[in-house]
Amino acid sequence: MRVVFMGTPEFAATSLNEINTNSHHEIVGVVTVPDKPSGRGQKMNISDVKKYAVEHNLPLAQPEKLRDEAFIETLKSWNADVFVVVAFRMLPQVVWSIPSKGTFNLHGSLLPQYRGAAPINWAVMNGDQETGVTTFLIDEKIDTGNILISDKVEIGENDNVGKIHEELMHIGAKLVVKTLDGLENDSLKPHPQDETTELKHAPKIFKEDCKIDWNDSITSIHNKIRGLSPYPCAWTTFGNGENYKSLKIYAGLKTDIVIDGKDYQLILQKNNLYINLPQGVYEILELQPEGKRRMTAKDFINGHQNEDTLFVK
């Protein structure tokens, strides 16, 4: 089939590559976000999907507005059978209704669970033992269209969102090709999403959502840290009781050990770093103090041997 692909980050570029190199379908056009300056030097930021399209000489469009008449005409001129959307923007009906086989999206959850912007993060933060990817036909609402096909992955007790994201990126790419094959030979039967179950949601995550509440259970704290690692990263503050600085925590472990010390105290013990909490002891493995690089617990301990007693809050 003739395919127009729409996406932005690496997660999407992996699916684009899978279609282009491991399927018989033809990429006739690629759509991604416009280049934008970012960072202190205002260096032009180019999406991973654009980089791939340019490298492989694929026709490319970067519309500012998806309803722009010139963009709509470009889409129609590519004469695609189907549009594939992975990690892009919400499409207006004037766009997704163009191709004869419809427009489908790859979503990083087992729909209808975790509709929204951050499905992988929330699945890990909620302590789920499995998640997956789903392809579905786009309609007027967000993530509610008829399901085409899905695939599952297990979430280990200490897996972080970075690991699960990587697995879903590659499984999802293969699912996209499988979906294209099924639409081509009419073997897929789209079915409505199950609205009878209690739904978990996946809204966009803001900085305040990432702050650790040390009064939560050890399990909830652990899930939050790994569900936000490596990005956007769980954080807290630490200090000597008077002056506090921010502290990002990338990895930790639940423990059954007992250590003498005050509640919320950072315990520096040989090469290990622990937090003494009312509900138990949590071990910190990787962290990043304000103004410093990301480091191991051992490196942190080496830099704080002579400081007064430290606490988190």
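Let me start at a proline: Pro232 has its place in the loop between H7 and S12, where helices (H or I, at least four residues) and strands (E, at least two) are DSSP runs numbered from the N terminus. The peptide bond that leads from Tyr231 into Pro232 is cis, with omega near 5 degrees. In that loop, between helix H7 (218–227) and strand S12 (234–239), we also find Pro230, and the peptide bond from Ser229 to Pro230 is cis as well, with omega near 10 degrees. For context, most residues other than glycine have a negative phi, and most peptide bonds are trans.

Before I go on, a word on what we are looking at. This is a predicted model, in which local features need pLDDT of at least 70 and side-chain atom pairs count only at pLDDT 80 or more, while totals for chains, interfaces and linings use all residues. Residues are numbered from 1 along each chain as its sequence is written, and side-chain values use heavy atoms, with hydrogens and water left out.

Staying with the backbone, Asn57 has a positive phi of about 55 degrees although it is not a glycine, and Asn57 is found in the loop between helix H2 (48–55) and strand S5 (60–61). Asn57 is exposed, with a relative accessible area of 71%; here exposed means over 50% relative accessible area, buried means under 20%, and partly exposed is in between, with a 1.4 Å probe and protein chains only. Lys270 likewise has a positive phi of about 55 degrees without being a glycine, and Lys270 lies in the loop between strand S14 (265–269) and strand S15 (272–277). Lys270, with a relative accessible area of 75%, is exposed.

Now to the sheet. In what order do the strands of the open sheet of seven run? The order is S5-S2-S1-S6-S7-S9-S10, with mixed pairing, and two strands are taken to pair if DSSP finds at least two bridges between them. The edge strands are S5 and strand S10 (147–154), each of which pairs on one side only.

Within that sheet, strand S1 (residues 2–7) is mostly covered, since five of its six residues are buried. S1 pairs in the parallel sense with strand S2 (residues 26–31) over five bridges, and in this pairing Arg2 stands opposite Glu26 in S2. S1 is also joined by five bridges to strand S6 (residues 82–86), and these two run parallel; here the bridge partner of Met6 is Val85 in S6. Together S1, helix H1 (residues 10–22) and S2 make a right-handed β-α-β unit, right-handed meaning that, with the strands pointing away from the viewer, the path from the first strand over the helix to the second runs clockwise.

In the loop between H1 and S2 sits His25. Is His25 buried or exposed? At 5% relative accessibility, His25 counts as buried. A polar contact of 2.7 Å joins the side chains of His25 and Asp181, a polar contact being a pair of N or O atoms within 3.5 Å, where within protein one must be able to donate a hydrogen and the other to accept it, and residues adjacent in sequence count only if both atoms are side-chain atoms. A polar atom of the His25 side chain also lies 3.0 Å from the backbone nitrogen of Met1.

Further along the sheet, strand S7 (residues 103–107) and strand S9 (residues 130–137) pair in the antiparallel sense over four bridges, with Phe136 in S9 as the bridge partner of Asn105. Thr131 also has its place in S9, and Thr131 counts as buried at 3% relative accessibility. The C-alpha atoms of Thr131 and Ile155, which are 24 residues apart along the chain, are separated by 7.1 Å.

Finally, the aromatic rings. A search of the whole structure finds one aromatic pair. Phe238 and Phe300 form this pair, which is edge-to-face at 5.7 Å centre to centre, with 65 degrees between the planes; rings of Phe, Tyr and Trp (its six-membered ring) pair if their centres lie within 6.5 Å, and planes under 30 degrees apart count as stacked, over 60 as edge-to-face and the rest as tilted. Phe238 lies in strand S12 and Phe300 in helix H8 (residues 297–302), so the pair ties together parts that are 62 residues apart in sequence. Both Phe238 and Phe300 are buried.
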